[in-house]
Amino acid sequence: MSFDGVNDFINISDSNSLEPKNITISMWIYPKKWTHNPTATALFTKRVTISNGYFLFYLTGSSSIQWDWSPDQNRWDTGYNPPLNTWTLITVTRNDSVRYLYVNGTFKTSTTAAGDWSTIATTAPLRIGYDTAADRYPFNGTIDDVMMFSRDLSAGEISALYNASATKY
């Protein structure tokens, strides 16, 4: 899925299945540019306002991937800066006590600020490549093989996802 960095996105209608208590989201990204947005670039988002839902994005000011999980943003700066013009598998998982970031099938970092699952329920769609709360932060590049699981995958399962698709990229 190619995104022009202006107004392209994929919209998936709201469903309770998009709001699991435990979650894994994995996607191959090929960013062409991060700085075309002065604030942020959305990878995926499901939120009505900035204080509910979830949002994985690149924050321009910190040059790193951030992951908001309700309530009230509960922002986590992962410290990871994905390279431009390179395919990278980004995988995030969450359970009741921790959130994890994996890069190319390998554990990168985690936080014990898991966030409150009960505040995730929103009427917003899941959007890939653009923010649902503010209709902004378009992605410039390609996103492929987006997968969402209603459980937090193990490190071994995430490594297997990478190994099963790495030769494709």
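Biologist: Why is Glu-157 called partly exposed?

Modeller: The relative accessibility of Glu-157 is 29%. Buried means under 20% relative accessible area, exposed over 50%, and partly exposed in between (1.4 Å probe, protein chains only). Glu-157 therefore counts as partly exposed. The structure is a predicted model, in which local features need pLDDT of at least 70 and side-chain atom pairs count only at pLDDT 80 or more, while totals for chains, interfaces and linings use all residues. Residues are numbered from 1 along each chain as its sequence is written, and side-chain values use heavy atoms, with hydrogens and water left out.

Biologist: What makes the pair of Arg-151 and Glu-157 a salt bridge?

Modeller: The term requires a side-chain nitrogen of Lys or Arg within 4 Å of a carboxyl oxygen of Asp or Glu. The closest N and O atoms of Arg-151 and Glu-157 are 2.8 Å apart, and the pair is a salt bridge. Arg-151 is partly exposed, with a relative accessible area of 40%.

Biologist: Which residues do salt bridges that share partners join into one network?

Modeller: Arg-47, Asp-68, Arg-75 and Asp-131 form one network in this way.

Biologist: How many salt bridges does the rule give?

Modeller: The count comes to nine. One of them joins Asp-14 and Lys-46, with the closest N and O atoms 2.8 Å apart. Asp-14 lies in the loop between strand S2 (10–12) and strand S3 (23–31) and Lys-46 in strand S4 (residues 40–46), so the pair ties together parts that are 32 residues apart in sequence. The strands, like the helices, are DSSP runs numbered from the N terminus (helices: H or I, at least four residues; strands: E, at least two).

Biologist: Is Lys-46 buried or exposed?

Modeller: With a relative accessible area of 0%, Lys-46 is buried. Asp-14, at 34% relative accessibility, counts as partly exposed.

Biologist: How do you know that Arg-47 and Asp-68 meet in a salt bridge?

Modeller: The N to O distance between their side chains is 3.9 Å, and they meet in a salt bridge. This pair links distant parts of the chain, 21 residues apart: Arg-47 is in the loop between S4 and strand S5 (54–59), and Asp-68 is in strand S6 (residues 64–69). Arg-47 has a relative accessible area of 3% and is therefore buried; Asp-68, at 2% relative accessibility, also counts as buried.

Biologist: How many aromatic pairs are there?

Modeller: There are 17 aromatic pairs by the rule. One of them is formed by Phe-3 and Phe-139, at 5.9 Å centre to centre with 85° between the planes. Phe-3 lies in strand S1 (residues 2–4) and Phe-139 in the loop between strand S11 (126–128) and strand S12 (140–149), so parts that are 136 residues apart in sequence are tied together.

Biologist: Why is the aromatic pair of Phe-9 and Tyr-130 called stacked?

Modeller: Rings of Phe, Tyr and Trp (its six-membered ring) pair if their centres lie within 6.5 Å; planes under 30 degrees apart count as stacked, over 60 as edge-to-face and the rest as tilted. Phe-9 and Tyr-130 have 5.2 Å centre to centre and 25° between the planes, and their pair is stacked. By the same rule, the pair of Phe-3 and Phe-139 is edge-to-face.

Biologist: What makes Arg-127 lie over the face of Phe-9?

Modeller: A charge sits over a ring if NZ of Lys or CZ of Arg is within 6 Å of the ring centre and within 35 degrees of the ring normal. Arg-127 is at 4.2 Å from the ring centre of Phe-9 and lies over its face. The charged end of Arg-99 sits over the ring of Trp-67, 5.3 Å from its centre.

Biologist: What order do the strands of the open sheet have?

Modeller: The six strands have the order S1-S12-S3-S8-S9-S10, with antiparallel pairing. S1 and strand S10 (106–111) stand at the edges, each with a single partner strand, so one side of each is left without a neighbour in the sheet.

Biologist: How do you know that strand S9 and S10 pair?

Modeller: Two strands pair if DSSP finds at least two bridges between them. Strand S9 (residues 99–103) and S10 have five bridges, in the antiparallel sense. The bridge partner of Arg-99 in S10 is Thr-111.
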